[in-house]
Amino acid sequence: MNEQQHLETLSDIKRIMERSTRFMSLSGLGGIGAGISALLGAWLAERALEDHYAAGGLYSGRAENSDLVFRLVMIALAVLLAALGTGFYFTWRKARQQGLRVWDPSARKVLFHLAVPLAAGGLFIIGLLYNQQPALVAPACLVFYGLGLANAAKYTVTDIRYLGYAEILLGVIAMFNPYHGLLFWALGFGVLHIVYGALMWWKYERIPAE
Amino acid sequence: MNPIGNLNKIFESRIRLGVMSVLMVNEEVSFNDLKEVLEVTDGNLASHLSTLEENTYIKVHKGFIGRKTNTTYSITKAGEKAFKGHLAALEAMIRFTQ
């Protein structure tokens, strides 16, 4: 064994350690797609709210509000599907380009560590709605999502930690501005995703023009 | 000093070294996950795992998920020490020859 082989062995060890703990195929383009879906969703939700207020629906009793709630829930589900769909599609594409499998042990780790704070957040938000605190839903979404990202960052592209911190910060600020929930939600899930996705694409995926 | 003496014979196999690398940074890993990460066949991996087990470098945990057996592996204190020693020897040899 010579020096060159030893160096190769060491870099092999490093590569295996990295690949068995980190999911490196997250795509920046997926982030941009999710951000655009969120912005479209926020715009639709804003229109739904305006229609509702225009019809004099403000605080006019639960029965009339149920129509609005139904519209908002439908919009939220559509956004979730579109965001997950584009995110998964571009990540799947990137994994294939790298010759890696999408559903490997490291991907399962990322999803698990993301899912724990998200599930807690989901139940917390159901609790907020149950206690008729809809103004706190957007801040709670942002904070729990940020915690999920910060938690999962150990198992994927480390940069995602900064997106997590930004979401948490934005969520806390939103907490003190309860009447601008939708605006903060659009900033956090729309604008931040697009900015993060573009930065990641620039840093890791762009094919430099030469 | 002859640093070659510190290289561990057991880690001469790339697969065994790979298994140790995975177990160093993951608490507990299943047979299938090891197979996937290291891209090796069942029989090949099994024989290397039993060598590592015989040398008490790894521990085997046999469990069940429903009716299917789920075997997981983790590194032992001795395995950790041997692996670190092997890495240190590799590094020393690189510095030695420079």
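In which helix of chain A is A:Met74 found? A:Met74 belongs to helix H3, residues 62-97, where helices are DSSP runs (H or I) of at least four residues, numbered from the N terminus. This is a predicted model, in which local features need pLDDT of at least 70 and side-chain atom pairs count only at pLDDT 80 or more, while totals for chains, interfaces and linings use all residues. Residues are numbered from 1 along each chain as its sequence is written, and side-chain values use heavy atoms, leaving out hydrogens and water.

A:Met74 has a relative accessible area of 40%, so it is partly exposed; buried would be under 20%, exposed over 50%, and partly exposed lies in between (1.4 Å probe, protein chains only).

Let's turn to the rings. Over all chains there are 9 aromatic pairs, meaning Phe, Tyr or Trp rings (six-membered ring for Trp) with centres within 6.5 Å, stacked if the planes are under 30 degrees apart, edge-to-face if over 60 and tilted otherwise. One of them joins A:Tyr89 and A:Trp92, tilted at 6.2 Å centre to centre and 40° between the planes. These two are 3 residues apart in helix H3 of chain A, so about one helical turn separates them. A:Tyr89 is partly exposed at 41%, and A:Trp92 is partly exposed at 38%.

Another pair, A:Tyr145 and A:Phe189, is tilted because its planes meet at 35°, with centres 5.0 Å apart. A:Tyr145 lies in helix H5 (residues 137-152) and A:Phe189 in helix H7 (residues 181-205) of chain A, so the pair ties together parts 44 residues apart in sequence. Both A:Tyr145 and A:Phe189 are buried.

Terms used:
Chains lettered and ligands numbered in written order.
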